[in-house]
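Student: I would like to go through helix packing and ring pairs in this entry. Please show the sequence and structure.

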Amino acid sequence: MSFWDFINKEHPIVLIPHARPDADALGSALALFHLLSDLGYQAHVISPGSYPAFLSWMPAAQDVLIFSEQEQACRNLIKKAQTLICVDFSSPSRAGDIGPLLERGAHKKILIDHHPSPKDFADLSIWSDKAVATAQLVYERILSPKIHLANPAIASCLYAGILTDTGSFQHGFISPEVHRIVASLIEQGAQPNKIAHQLYGNHSEDRLRFLGFALSKCLHIENKYHTAYFVLREKEMSQFQLLVGDTEGLVNYALSIEKIVFGMLIKECPGVIKISFRSKGSFPANEIAVKHFQGGGHLNAAGGHSHSSIEEVLRQLQGILSQYESRLNEEAREISEIRT
């Protein structure tokens, strides 16, 4: 059965991005919202929690319901829905407090995702870990047959998802087809300069001052292991009026340092340590996330968490890096050879 066989116009359709949605998750959900609405379906987007302020420009972002703030209204809408569409996540646990509703409910469930090792909980899976973004799957598997219905709102949301999930086209394995999709989205009305400005050039003064603090006080470099990481402590972050998403992208500064292969952002949050991983070449950031920090993700971009103290996480990290020392050195040599 196809995507269109699982939905009808008689019942609401609820689109759910993962918790703390990024541009790919929210953009893909909103692109589908616009497409379905244009076709006469009753579509709604429910996010488990707030999305970053730098995504508020996305068309219809203001119509997204936030489960953590409007729980009863969201529960009522989910109860009425016949189909739940899970966007950019492969396990109910990634949907925060909505997760149990996905596991218990009798709804038809559609999974649209590109993360490795999806859980078997959906009735229909539109999945490929070869896709650079969920937005690519939305374009290829759902939008393409109805391309004549595309509009600038859809194009802009999908463009943002692909732009960010490819690291502004810096990650490996970006095929010519991805660039052809991007070209098509531009032809349909996406404006690359304006979207890039909204995503990367429209932050608060507090965020910029925090960035300066993090770069000068929180960055640690392990030259022996070709690794750099930020340690953000809760008390230090409280000095700044940070908004949701203000630490996004910080980990990439660690990876931008010459001869660094592996970068991390280790952030102390209430009751949990959250960790973002980035890597270059073939070094497996996701392997470390899965094996040691109850996480997962892609080869070069992953995430995890720990309920230990931040000091214990840092001690654990030293042991992990020593295990991977030879692989880190090998990848650093390969990168150096490419540059020369």
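Student: How are H1 and H5 oriented to each other?
Tutor: In this predicted model, helix H1 (residues 23–38) and helix H5 (residues 152–165) pack with their axes 8 Å apart, at an angle of about 160 degrees. Angles over 145 degrees count as roughly antiparallel. H1 and H5 are therefore roughly antiparallel.

Student: How do the residues of the contact of H1 with H5 divide?
Tutor: H1 contributes residues including Gly27, Leu30 and His34, and H5 contributes residues including Ile154, Cys157 and Thr164. By class, the residues of this contact are nine nonpolar, five polar and three charged.

Student: How are H4 and H6 oriented to each other?
Tutor: The axes of helix H4 (residues 134–143) and helix H6 (residues 176–187) are 11 Å apart, and the angle is about 75 degrees. The range from 65 to 115 degrees counts as roughly perpendicular. H4 and H6 are therefore roughly perpendicular.

Student: Which kind of pair do the rings of Phe210 and Phe240 form?
Tutor: Phe210 is buried at 2% relative accessibility, and Phe240 is buried at 14%. Their ring centres are 5.6 Å apart, with the planes at 70 degrees. Planes over 60 degrees apart count as edge-to-face, so the pair is edge-to-face.

Student: Which kind of pair do the rings of Phe262 and Phe277 form?
Tutor: Both Phe262 and Phe277 are buried. Their ring centres lie 6.0 Å apart and their planes are at 5 degrees, so the pair is stacked.

Conventions. Residues numbered from 1 in each chain as written. Predicted model: local features only at pLDDT ≥ 70, side-chain atom pairs only at ≥ 80, totals over all residues. Heavy atoms only, no water. Axes fitted to C-alpha atoms, helices over the stretch in contact; angles between N-to-C directions. Helix = DSSP H or I, 4+ residues; strand = E, 2+ residues; numbered from the N terminus. Parallel < 35°, antiparallel > 145°, perpendicular 65-115°, else oblique. Contact = heavy atoms within 4.5 Å. Nonpolar A, V, L, I, M, F, W, Y, C, P; charged D, E, K, R; others polar. Phe/Tyr/Trp six-rings, centres within 6.5 Å; stacked < 30°, edge-to-face > 60°. Buried < 20%, exposed > 50% of the residue type's maximum accessible area, 1.4 Å probe, protein only.
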